[in-house]
Amino acid sequence: MLNKVIILAALLAFMVMTAVAQDEEPDLRIGVLPVLNTLPVWAADEENLFEAEGITVEIVPFSSPADQRMAIASGEIDGMNTDMVVAINLINEGTDIKAVLHDELDNTPFLAVVAGAETGISSADDLIAALEA
C-alpha cells in the first residue's frame, strides 16, 4: 500500500510540475550564435531588460548556423540574429519570416569586406574598380 501511495504522489508531483512548466513558456525564443553581434541580446537578458518590458525571453544558443536555420524554419525558435543573405535564403526557401534591420551604431560599420594584402585593394573605390575590371 505504501508503494502505491509513493507512486501516486510521484505521479501527482510530475503532473503539477508539467503544468507549471507549461505556464512558464517564454514569450519569445531567440536563437543566437557565439558571435559579437549577439552581445546586446545576452546583455539585455543579464540586466533583466526583457522582464522590465513584461516579456519572457529564452535565449537558445547554437554553435552551427545550419542548426539555427533549421530551428527557425521548423518554428523551434521565434527569432534569430543573422545576416541578410541567410534571411533572404530562408524566405526564398519558403520560411515565413520578417527581416528587421537596425542602423549602424555610432556610424561604425559592423561588417567589413576584407581583401588580401596582395590584391592592392585598400578602399571601397579600389574594390569597385577591381569588380568593374
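1. The terms used here are buried (under 20% relative accessible area), exposed (over 50%) and partly exposed (in between), with a 1.4 Å probe and protein chains only. Glu51 sits in helix α3, residues 49-52. Helices (H or I, at least four residues) and strands (E, at least two) are DSSP runs, numbered from the N terminus.

2. Before going further, please keep in mind that this is a predicted model, where local features need pLDDT of at least 70 and side-chain atom pairs count only at pLDDT 80 or more, while totals for chains, interfaces and linings use all residues. Residues are numbered from 1 along each chain as its sequence is written, and side-chain values use heavy atoms, with hydrogens and water left out.

3. Now for the overall plan. The protein has six helices and three strands, and from the N terminus on its elements run α-β-α-α-β-α-β-α-α. Of the 133 residues in the protein, 17% are buried.

4. Next, the sheet. The three strands form an open sheet with parallel pairing, in the order β2-β1-β3. Strands β2 (57-61) and β3 (79-80) are at the edges with a single partner strand each, so one side of each has no neighbour in the sheet. Two strands pair if DSSP finds at least two bridges between them; β1 and β3, which run parallel, are joined by two bridges.

5. Glu58 counts as partly exposed because its relative accessibility is 32%.

6. Another salt bridge is between Arg69 and Glu93, whose closest N and O atoms are 2.7 Å apart. Here too the pair links distant parts of the chain: Arg69 is in helix α4 and Glu93 is in the loop between α5 (84-92) and α6 (124-132), 24 residues apart. Arg69 is partly exposed, at 23% relative accessibility, whereas Glu93 is exposed, with a relative accessible area of 55%.

7. Glu76 and Arg29 are 47 residues apart in sequence, and their C-alpha atoms are 7.9 Å apart in space.

8. Finally, the surface patches. Patches are made of residues with over 30% relative accessible area and no salt bridge, joining like charges within 9 Å and nonpolar side chains (Val, Leu, Ile, Met, Phe, Trp, Tyr) within 5 Å. Which residues form the negative surface patch? They are Asp45, Glu46, Glu47 and Glu51. Asp and Glu count as negative and Lys and Arg as positive, with His and the chain ends not counted. Leu36, Leu39 and Trp42 make a nonpolar surface patch of about 330 Å². Leu36 is in the loop between β1 (28-32) and α2 (39-46), and its 62% relative accessibility means that Leu36 counts as exposed.

Notes
Areas by Shrake-Rupley, 256 points an atom, 1.4 Å probe, with all protein chains shown as cover. Salt bridge = Lys/Arg side-chain N within 4 Å of Asp/Glu carboxyl O. Charge placed at Lys NZ, Arg CZ, Asp CG, Glu CD.
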